[in-house]
Amino acid sequence: MFYWLMRHVLAGPLLKLYFRPWTKGLENVPVDGPAILASNHLAVIDSFTLPLVLERQVQFLGKSDYFTGRGIKGRMVAGFMRGVGTIPVDRSGGKASEAALNTGLRVLQDGGLFGIYPEGTRSPDGRLYRGKTGVARLALESGAPVVPVAMVGTNKAQRVGQVIPKPMPIGIVIGEPLDFTRYKGMESDRFVLRAVTDEIVYAILRLSDQEYVDIYAATAKARIAAEKAAERRAAAEEQPAPEGDDTAPQA
């Protein structure tokens, strides 16, 4: 009931007015039964805008931190996350991936739509990065079809580090479902998992027309952070010593 109110009465109409989303391929989302929506991930708003254009409820995973904020702002964020169907998951610790997988399997076993980002995290620069094999395990263990999705322009509406997105049209392109039932019982074969994941990511790439990078997005983010830290250190070292500094070398 709360989801229906958020989508049709409260947040939904406002967000549609704000982003004016255009769509292509909505008919590719199954009208009933379990399905996995595998999408590229360009901005935080991806998880809010995709559900706007679907008739069925889709559930994404979200950091548990979104649900534990304090004060009015914290409660509003938590309420919004629950309202759009986000499932809280603790991503810390070694068992985080297994918990996320089990949560997705429960949604699919109940006949629902489950949204997942194969890249594992947001793209740091708008390019499409190597997929993690969790989406393949989910597909093989559940037997559910995988529907590739491309979010278009959300990274321009909400750039990295930008809290309030810019009002502008965004797009959602949905491809034909992918069937991986031919690999049933092979969810423990790492080569099969990699092949299935790459096929899913390639399907997203064809829809999004992004540039592909064959490394994980998390690795790219770590490299970017290290480069920025090195630049800051170099800039600090180039600063001239202040006048009267006793530590400056004497002639």
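Which residue stands opposite Val173 in β9? It is Lys24, and the legends below start from the whole chain and work towards that spot.

This is a predicted model, in which local features need pLDDT of at least 70, side-chain atom pairs count only at pLDDT 80 or more, and totals for chains, interfaces and linings use all residues. Residues are numbered from 1 along each chain as its sequence is written, and side-chain values use heavy atoms, leaving out hydrogens and water.

**View A. The whole chain has nine helices and 10 strands.** Helices (H or I, at least four residues) and strands (E, at least two) are DSSP runs, numbered from the N terminus. The chain has 251 residues, and 43% of them are buried. Buried means under 20% relative accessible area, exposed means over 50%, and partly exposed lies in between (1.4 Å probe, protein chains only). The chain exposes about 14300 Å². Carbon and sulfur atoms supply 55% of that area. Accessible areas come from the Shrake-Rupley method with a 1.4 Å probe, and for residues only the protein chains shown count as cover. Take the contacts with a separation of 6 or more: 80% of them link residues 24 or more positions apart. A contact means heavy atoms within 4.5 Å.

**View B. Six strands form an open sheet.** Read the order as β1-β9-β8-β2-β6-β3, with mixed pairing. Two strands pair if DSSP finds at least two bridges between them. β1 and β3 (58-59) stand at the edges. Each has a single partner strand, so one side of each lacks a neighbour in the sheet.

**View C. Strand β9 (residues 171-174) is covered on both faces.** In a regular strand the side chains alternate between the two faces of the sheet. On one side of β9 sit Gly171 and Val173, and on the other Ile172 and Ile174. All four residues are buried. β9 also has two partner strands to look for. β1 (residues 22-24) runs parallel to β9 and is joined to it by three bridges. Lys24 faces Val173 across this pairing. β8 (residues 146-152) pairs with β9 in the antiparallel sense, over four bridges. Here Val149 has Ile174 as its bridge partner.

**View D. Helices α6 (residues 134-142) and α8 pack at about 105 degrees.** Their axes are 8 Å apart. Axes are lines fitted to C-alpha atoms, for helices over the stretch in contact, and angles run from 0 to 180 degrees between N-to-C directions. So α6 is roughly perpendicular to α8, a label for 65 to 115 degrees (under 35 is roughly parallel, over 145 roughly antiparallel, the rest oblique). From α6, the contact uses Val135, Ala136, Arg137 and Leu140. From α8, it uses Val192, Leu193, Val196, Thr197 and Ile200. The buried residues of α6 include Val135, Ala136 and Leu140, along with Leu138 and Ala139. After α6 comes Gly143, with a positive phi near 75 degrees. α8 also lies across β2, β8 and β9, at about 40 degrees to β8.

**View E. Arg194 sits in helix α8 (residues 190-208).** Is Arg194 buried or exposed? It counts as buried because its relative accessibility is 15%. Set aside its neighbours within four places in sequence, and its contacts are Arg130, Gly131, Thr133 and Tyr216.

View F. Ser123 is buried, with a relative accessible area of 3%. Gly120 is partly exposed, at 46%. Ser123 and Leu42 are 81 residues apart in sequence, yet their C-alpha atoms are 5.4 Å apart in space. Beyond its neighbours within four places, Ser123 touches His41, Leu42, Tyr129 and Val160. Gly120 and Asn40 are 80 residues apart along the chain, with 9.4 Å between their C-alpha atoms.

**View G. Helix α9 (residues 217-238) has 22 residues.** From first C-alpha to last it reaches 32 Å, close to the 32 Å expected at 1.5 Å a residue. The expected span is 1.5 Å times one less than the number of residues. The buried residues of α9 are Ala217, Ala220 and Ala229. Their cover includes β7 (128-129).
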